[in-house]
Amino acid sequence: MMSQKKIGLVAIATPAWFLTVYLVMSAMRPDYVHTDQAISELGSLDAPNLWAWNVLGYILPGLAIALLGIGLRREFVGRGLPATAPAMALVAAGLLMALSGAFPANMTDFKSTTTLLHSVGSFGCYIAFLVAGFWLPSLFRKVNSWHWAATPSLALVIASIATGFLRFAGMASIGQRITFLCFFLWVALVGWALWRANSSSVPPNNSSKPTPLRGAA
């Protein structure tokens, strides 16, 4: 079973991996316009090297995010906290991201089965992320070694929602990229928190108060 520290490192590396794949795959398409086209178009049915993008850009990062959810469940349930539901929401977010890669969108037929499944994966991923993102900070605040991550993680979730308004201002592609940025920064932040919590000397108990010695009055 993968250690908590290794799961944290995988999560930290996931945003860099996604960005690298995105830059390489988009550079291979001179016709691709970052400010006008959706990220999914790198892996649409009419795109060259569509499976390279969908596997490397969606499926593998999605599985890494699901792994982070498993790590969070282990981390907080092991401390006696009710973390199963929000952790499984993050697992679902990762698996749904992988689903969107398994079913490339057909940009000429938005009612096709593969496009609908791609959309279910994309929107489902984000909704599940919101559930986890709004729920987990309440658990972070209950643990000494995680308390610092509560506010910045919540701020990134709120920022990801705020960027959605750019879509109504004629900047849908830019808004989507900023949303992705917030999402992956959140993954890196929580991955760092997981790694840090299992690398420091902070005791695993939830309270910041020292445990009294046996026999003490």
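Trainee: How far apart are the mean positions of the positive and negative charges of the chain?

Mentor: In this predicted model, the mean positions of the 14 positive and 6 negative charges lie 27 Å apart.

Trainee: What are the secondary structure and the extent of the chain?

Mentor: The chain has 6 helices and 0 strands, and the order from the N terminus is α-α-α-α-α-α. Along the principal axes, the C-alpha atoms fill a box of roughly 75 × 35 × 30 Å.

Trainee: Why is the pair of Phe 18 and Trp 53 called edge-to-face?

Mentor: Rings pair if their centres lie within 6.5 Å, and planes over 60 degrees apart count as edge-to-face. The centres of Phe 18 and Trp 53 are 5.6 Å apart and the planes stand at 65 degrees, so the pair is edge-to-face.

Trainee: Why is Ser 112 counted as buried?

Mentor: Buried means under 20% relative accessible area. Ser 112 has 12% relative accessibility, and therefore counts as buried. Ser 112 is located in the loop between helix H3 (84-102) and helix H4 (113-140).

Trainee: What makes the approach of Ser 112 to Asp 109 a polar contact?

Mentor: The limit for a pair of N or O atoms is 3.5 Å. A polar atom of the Ser 112 side chain lies 3.0 Å from the backbone oxygen of Asp 109, which is within that limit.

Trainee: Is Ser 100 buried or exposed?

Mentor: Ser 100, in helix H3, has a relative accessible area of 2%, and is therefore buried, since the cut-off is under 20%. Setting aside residues up to four places away in sequence, Ser 100 touches Asn 54, Tyr 58, His 118, Gly 121 and Ser 122.

Trainee: How much of the whole chain is buried, and what is its accessible surface?

Mentor: Of the 217 residues, 45% are buried. The accessible surface comes to about 10900 Å², with 71% belonging to carbon and sulfur atoms. Among contacts with a separation of 6 or more, 70% join residues 24 or more positions apart.

Key:
Residues are numbered from 1 along each chain as its sequence is written. This is a predicted model: local features need pLDDT of at least 70, side-chain atom pairs count only at pLDDT 80 or more; totals for chains, interfaces and linings use all residues. Side-chain values use heavy atoms; hydrogens and water are left out. Helices (H or I, at least four residues) and strands (E, at least two) are DSSP runs, numbered from the N terminus. Buried means under 20% relative accessible area, exposed over 50%, partly exposed in between (1.4 Å probe, protein chains only). Contact means heavy atoms within 4.5 Å. Accessible areas come from the Shrake-Rupley method with a 1.4 Å probe; for residues, only the protein chains shown count as cover. Lys and Arg count as positive and Asp and Glu as negative; His and the chain ends are not counted. The place of a charge is taken as NZ of Lys, CZ of Arg, CG of Asp or CD of Glu. Rings of Phe, Tyr and Trp (its six-membered ring) pair if their centres lie within 6.5 Å; planes under 30 degrees apart count as stacked, over 60 as edge-to-face and the rest as tilted. A polar contact is a pair of N or O atoms within 3.5 Å; within protein, one must be able to donate a hydrogen and the other to accept it, and residues adjacent in sequence count only if both atoms are side-chain atoms.
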